[in-house]
Amino acid sequence: MTRFFRDLWRICRNDKAALFGAAVILAYLVLAIIGRSISHISTGVPNAASAYLSPSWTHPLGTDNLGNGILAELVVGTRPIMEIGVLAALITTFIGVVVGLVTGYVGGILDAAVMRVVDVFLTIPGLPLIIVIVSITRAAGPLALAAILSITAWAGLARAVRSQALSLRSLDFVESARVQGLPLRNIIGRQLLPNVGPYVAINFMLAITGSIYAEIGLFVLGVAPLNGTNWGVMINLAMSQGALYVTKSLISLLAPMAAIVLLQVAFVFFTRALDSVFNPRLRVQ
Amino acid sequence: MSDAPPLLEVRDLTVAFGDGNRAIRAVEGVSLTVQAGEIHALVGESGCGKSTLAYALLDVIPPPGRVIHGDVRFRGRSYGQMGKTELRTLRAAGVAMVFQAAMNSFNPVVTIGHQVEHTLEAHPRVFPSVAAGRAYFEELLQRLRLPPERIWNAFESQLSGGMKQRAAIALALLLKPAVLVLDEPTTALDVLNQRLVIDILKELHASLGVTIVFVTHDLAVVAELAQSVAVMYAGRMVEAGRVDDIFGRGRRHPYVAALLEAIPSLLDDGLQVHPIPGQVPDLAHLPTGCRFAPRCPLARQICREVEPIGQSDAWGHEVACHVVNEELLPSGGPT
Amino acid sequence: MLWYVVRRVVTAVVVVFIVISLSFFLVRLMPGNAMQYLTDQLERQGSYTPQEIQQKIAAVYGILPHSPVWKQYLTYVGHAFRGNLGTSILNPGETVVHIVGNALPWTIFSVGLALLISFGLGVGIGTLMAVFQSSRFAKVTTLVVSFLSAVPNYVVAILLIYFVADRAGLFPSGGAYSVNVTPGPNPAFIGSVIVHAVLPILAYVLTAFGAWALTMKGAAISTIGAEYVRSAESRGLLSRRIAQSYVGRNSLLPMVTSLALSLGYVFGGSVFIETYFTYPGIGYYLIQAVTARDYSLMMGCFILITVSVVVANLVVDLFYPLVDPRIARPATHRGRAGAKTEVTEPVPVGSALP
């Protein structure tokens with residue numbers, strides 16, 4: 001465990017991009033947790049006098065049409081986005097890993113049957129399905145949204161984890177565990193899981209980026225209900241108010257987009273570093 | 001000794017991997033001569049540089065390795081001075097190689113037959129037509145006890161390890177090379193296949209007259225198959241000569257002596273194992289002086305300071321050891 | 001080989017069937033029942049008799065609301081397979097199939113072209129990155145490409161509209177072709193179509209080609225260092241031959257696999273791009289339907305998107321044995337445990353989620 005962190009630190013030190021990524025992710029996480037308490041949004045009556053102000057000390061990014069500070073909104077909006085994103089990634093990863101490991105290890109009819117199901121889930125295009133389901137069920141809560149977001153995503157991970165389980169299955173230490181009669185739970189949890197751990201960790205991060213992309217997309221298009229403040233909603237409102245054509249309000253459009261891009265780029269850079277830690281082969285440039 | 005240059009000559013060759021002063025010299029200052037028609041073995045442990053030396057024989061050292069000193073000459077022509085086309089034509093037609101285990105020697109998505117055709121297309125002057133080339137290939141397959149049609153249309157994933165190895169040998173012999181280099185031809189095989197390959201190599205040597213150089217760490221195969229042998233340790237060549245001389249005569253490099261000692265004898269009561277103490281040095285952190293000194297029972301002060309140079313006796317048997325070579329001076333003297 | 005084809009076709013049909021069933025389930029049985037919603041709406045309008053309302057529902061959804069559920073299901077599926085997906089609420093009088101049928105070609109055109117361009121760019125740049133591995137070019141490109149792949153395509157779309165279309169006025173910001181042009185095989189129309197497609201395709205390509213390039217780079221690096229390539233060099237094979245049949249073919253394997261896996265994502269992305277560029281493709285109509293609560297059109301779009309993806313997948317799957325002949329003839333000896341390629345597990349190009 002400590003070796004992992006030491007390797008990670010060494011990689012981060014050498015790879016500036018990875019360091020940047022880690023720092024940004026950490027910052028966003030912190031904001032997500034404490035954001036509400038340091039930023040204040042009023043949802044009251046729109047205050048025409050303070051709408052669309054230019055950046056100033058009180059509002060470093062200016063204000064939106066309701067007079068709320070844009071930076072404040074970004075900060076407050078961090079939490080719902082990350083909440084849903086991480087939740088969806090957790091669900092995706094959990095289901096994908098469990099299905100993958102169990103079918104890969106157990107094999108047989110269970111494997112064949114489940115793989116057919118996985119094939120079907122892999123073929124159905126995910127985003128259209130999510131859009132349709134969210135629109136019909138009017139899902140609004142974070143858990144519901146997270147669950148829907150992961151509806152097809154787990155399949156790809158399951159497939160990949162399964163092939164890893166297949167190759168691990170024939171290794172000696174797994175064989176010996178089986179021969180000793182260890183329960184399935186133990187074999188999956190103690191023998192197989194640690195070996196696919198790195199792969200799963202990286203995919204977990206990628207799943208977060210994917211679900212953030214999808215959930216913000218839902219808000220941006222107005223498919224998901226527009227309650228609360230989050231970056232997607234901000235973009236949606238900005239676009240519908242013609243921010244593209246009015247210079248004053250442009251920043252209310254550009255700011256949330258920048259927030260999104262910053263986070264996604266940070267994740268990508270950071271996962272590349274993680275990948276190097278787990279795949280030393282990739283380090284040799 | 002004829003006037004013609006030896007078939008293959010390695011002159012003071014040094015091959016390095018990596019850049020600058022952290023470069024690792026997998027092969028250092030090695031000189032070797034391979035005469036036409038002989039079977040020559042390169043022996044050593046893993047990492048001693050024997051495979052790299054073998055690759056150098058046909059100039060296919062994998063990057064980032066490169067020759068930084070000395071050269072290799074085929075019939076007197078140095079590889080360093082050959083143009084790209086001449087080098088390309090030389091490979092497989094002059095010197096051919098069979099890689100270790102041939103597990104991944106074949107393109108997985110192309111049939112064996114097509115790969116043979118690719119080889120023929122690259123060397124159009126060897127055979128008058130593709131059909132002639134194919135016919136010869138199938139004849140070679142039969143010599144190697146493989147079914148010709150099945151092999152021609154097969155993908156490498158459809159062949160067993162032993163079959164792939166023999167098919168690779170056939171492909172290597174296709175253009176009738178003067179020298180066949182094999183990297184660990186018996187190592188990855190089961191005992192039956194090992195026997196088969198050894199017998200086949202003997203047969204091919206006898207019937208085709210091809211010069212064979214093979215790399216191995218198995219002294220038993222050396223004793224059975226080879227006529228000359230060169231022993232490598234940590235990038236240096238420590239002993240070279242006729243197999244009879246090395247196995248038979250008393251003058252031996254301590255490493256070779258220890259290797260022979262380490263083979264348990266069937267005739268002993270109980271199993272007595274005499275491993276060589278210590279470990280092969282890390283090529284990035286070589287000891288000063290003789291590289292074997294830390295593990296050598298005969299090591300003296302001079303051994304830890306100065307690297308020994310190979311010296312031959314009257315029979316052409318070369319050993320690089322201060323202690324062993326002592327007896328060569330002043331009375332014997334190097335040849 | 002035959003078995004392989006049969007399996008693929010069967011899976012395809014099953015998926016389509018499931019999607020149609022899913023559509024029935026969602027429309028009819030979910031809470032917030034779409035049909036109930038429409039019924040209530042029509043009732044509230046007050047100008048229809050109950051029978052007329054039933055007929056309207058039947059026309060829109062192709063289901064008779066009061067017959068038993070299983071019968072409704074069969075009717076629905078039967079209609080779907082015969083090409084009847086109901087009528088649109090948004091555009092009364094037009095059948096869903098008609099709207100969707102007109103929209104699909106636009107999506108296939110733009111998405112297909114974008115995919116080809118991204119793939120081609122990815123192969124080219126990825127190969128260069130592999131060949132010049134430790135160069136500055138490779139490092140910079142890797143960084144740039146990673147950055148681009150992280151930007152969501154809707155962000156790129158909005159930025160393109162703002163900077164290129166509105167500010168610089170270089171390209172039109174909406175529509176599939178100019179209103180001044182009559183559709184038909186005439187040069188003005190074709191020119192207009194192309195001009196209007198540039199930005200949408202650009203939006204897609206910018207965010208997608210990066211992942212292709214990185215996949216290709218990984219595949220090429222693995223292949224270039226592979227032993228069969230060195231073995232081929234040791235036999236003095238022509239460089240052109242090695243590049244084509246040894247490095248090229250083996251590097252393309254994971255790329256083609258990724259292609260199959262990314263078809264679904266590509267249609268998903270079209271949803272955003274077509275909405276922002278008001279490009280009348282199937283993604284555009286999906287969102288229009290969602291906003292207007294036009295459930296029959298929405299399901300029709302969804303079904304057709306899925307069918308397109310399924311068919312495209314099938315085409316790639318059938319094409320795959322040409323690239324990797326081992327699929328048709330399974331390995332009889334376990335060299336690599338039946339793995340399709342020697343290279344790392346192919347990653348779907350796109351994000352981990354849709």
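Two residues are in contact here if their C-beta atoms, placed from the backbone, lie within 7 Å of each other. Keep that in mind as we walk through this structure, which is a predicted model.

Let's start with V181(B). Setting aside neighbours within four places in sequence, V181(B) has contacts with A54(B), L57(B) and L58(B), with V95(B), A96(B) and M97(B), and with V213(B). V181(B) also turns up in the largest nonpolar core, which has 278 residues. Along with A157(C), L286(C) and C301(C), V181(B) is among the residues with the most contacts inside that core.

Next, have a look at where chain A and chain C touch. How many residues does each chain bring to the contact? Chain A gives 50 residues and chain C gives 49. On the chain A side, five helices each supply at least two residues: α4 (108-123), α5 (126-137), α7 (153-169), α9 (184-221) and α11 (247-278). Of the elements of chain A, α9(A) gives the most to this side, with 12 residues. As for the kinds of residue on the side of chain A that touches chain C, 30 are nonpolar, 17 are polar and three are charged.

Methods:
Residues are numbered from 1 along each chain as its sequence is written. Chains are lettered from A and ligands numbered from 1 in the order in which they are written. This is a predicted model: local features need pLDDT of at least 70, side-chain atom pairs count only at pLDDT 80 or more; totals for chains, interfaces and linings use all residues. Helices (H or I, at least four residues) and strands (E, at least two) are DSSP runs, numbered from the N terminus. Ala, Val, Leu, Ile, Met, Phe, Trp, Tyr, Cys and Pro count as nonpolar, Asp, Glu, Lys and Arg as charged, and the others, Gly among them, as polar. A nonpolar core is a set of buried Ala, Val, Leu, Ile, Met, Phe, Trp, Tyr and Cys residues joined through C-beta atoms within 7 Å. A residue is buried if 20 or more other C-beta atoms lie within 10 Å of its own, exposed if 12 or fewer, and partly exposed in between; C-beta atoms are placed from the backbone.
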